[in-house]
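Notebook open, structure loaded. I'm jotting down what I looked up, in the order I got to it.

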Amino acid sequence: LKVNVAQADWAHFQASIPAPRPHDDSMVFGWRLRLFFAAAILSAFSAIWFSFQSTNAHVEVLPHTLGIRVKGGDVHVLLRRGTRLPATAAWIFGTTVHNQRRARVHLFAGEGPSSTDRWLLASLSVEPLPEMSFEGLVQLEVTVMAETWGSVTCYVAEAEGRALGQDHVDALWEGSLFDSPKDFKPIEFSKDEIQARNHSGVQAPKIIRLQSRNVQLAGGRQIVIDQEAWGLAGIWETGGVLWDSAVVLADFIIMQKKAFAWPGKHVLELGAGIGLVTIALAQEKANVLATQSHGRSCELLLNNVEQNLNSTALLSSSIRCDILRWSSTVDVDHTVAEGPWDVIVGSDLLFPENAEESSDVLLTTLTTLANNHTQVLLALQERQGVIGKFLARVRQTDWVANLMLAESSLSVEATAYLKQNGSNSSGHQRAQIQILHLKRPAPADSQPPHPSLATLPVSR
């Protein structure tokens, strides 16, 4: 009986179970697709989380030494391994060849004296570099910053333009200390290499106010000149102080005003400095473009012009100051377009350290800027045969030069001023300063508007 009852209950239980539904393939595929997307999203969030944790890990000390590769393959260290973070280091580097147009800055990590013992973190290209006169070497400030969360920044800036508040070229790279070493092709040495120089705080260049000069010139004329000196990386610029040759040239301009007929003449001044010659020309009502190699010099020149010319004279005069780097084709072409020039003037443009090279650069610049009717007046101070070297170079060209005795053309006022304030401790140096009058042969069918040389004190 019990067996029969159990069998009956089992039959009843089986009867109560619903029949299985037909197999639905689309429903199974939908669930599998949902599971796939859920797993993918979870994996992505996990990767982001672990990456965030890694890149934002707190680092107490620098795990690798960081440095810049220099010419020859050595690495100039900026931040050493074990330096506490955050840390910043900067250094002054320089180009290695004259008028280098581009610099390649390579940031390396790791230990060892040579770049071959380390790995490359970044390569920065800084271009176009400014074209510099004479030596043509450009200074670059490289700054490396490492943070506690592992980021590294390398910033490169052309140091001189930045320090003087001018437009300058720069480059920036940002990366991570956690980047693993990667294989890279060896960097070939080229003319774009850089070299380490003495460090200088170029963000705040030294500017020293010097004593003003009350210059006395022909006819009782007095011009007050403010002076200053500014330096960068241990090198002091010469454009902020008054030189004896400028006094001689300014006095000559006044003394020979009838011969040159300055009113309305278009005059270009090279290396105008702090503006004494510019002011003398403006007072003679000439239209003057004063040129400098630094923007700081232009500021000082225009300040001196403003304090020596009254408002009426300023409004009636035409005085401008612009940048002209002799080896820059862009600057020279721009200055040519501003012409033509009746007269080009300049003082103390040659120095014994680079007399031959600077003579070539000066004559090339004059040839480009001048036409057959342009006169050139240069006041040069004799230093170690610099005038003779320049004249020897002139004789190899079609320029005609006449050497004028500065001593015989000085006014009584300028003579007294230089005797008291000249650079020679035993007196002034007027006998060592000469004025050169240069011109090029005019076409045979034209009459150049040059003053008669008979009216000028020419040295035989």
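Which residues in H10 meet which residues in H11? I found Ala355, Glu356, Ser359, Asp360, Leu362 and Leu363 in H10 meeting Val386, Lys389, Phe390, Arg393 and Val394 in H11, with contact taken as heavy atoms within 4.5 Å. I sorted the residues of that contact into six nonpolar, one polar and four charged. For the sorting, Ala, Val, Leu, Ile, Met, Phe, Trp, Tyr, Cys and Pro count as nonpolar, Asp, Glu, Lys and Arg as charged, and the others, Gly among them, as polar.

Ground rules before I go on. This is a predicted model, where local features need pLDDT of at least 70 and side-chain atom pairs count only at pLDDT 80 or more, while totals for chains, interfaces and linings use all residues. Residues are numbered from 1 along each chain as its sequence is written, and side-chain values use heavy atoms, with hydrogens and water left out.

Helix geometry next. I got the axes of H10 (residues 355-369) and H11 (residues 386-394) coming within 9 Å and crossing at roughly 45°. That makes H10 oblique to H11 (under 35 degrees is roughly parallel, over 145 roughly antiparallel, 65 to 115 roughly perpendicular, the rest oblique). Axes here are lines fitted to C-alpha atoms, for helices over the stretch in contact, and angles run from 0 to 180 degrees between N-to-C directions. The crossing of H10 past H11 is right-handed, meaning the near helix is turned clockwise from the far one by less than a right angle.

Whole chain: I have 13 helices and 19 strands, as DSSP runs numbered from the N terminus (helices H or I, at least four residues; strands E, at least two). Of the 460 residues, 44% are buried (under 20% relative accessible area; exposed is over 50%, partly exposed in between; 1.4 Å probe, protein chains only).

Then I went to a sheet. It is open, with five strands in the order E8-E7-E6-E3-E9 and antiparallel pairing; strands pair if DSSP finds at least two bridges between them. E8 (170-176) and E9 (194-196) are the edge strands, each pairing on one side only. I noted an average twist of 25° from one strand to the next.

Inside that sheet, seven bridges join E6 (residues 139-146) to antiparallel E7 (residues 151-158). Leu140 has Glu158 in E7 as its bridge partner.

Beyond neighbours within four places in sequence, Thr143 touches Thr88, Ala89, Ala90, Thr153, Cys154 and Tyr155.
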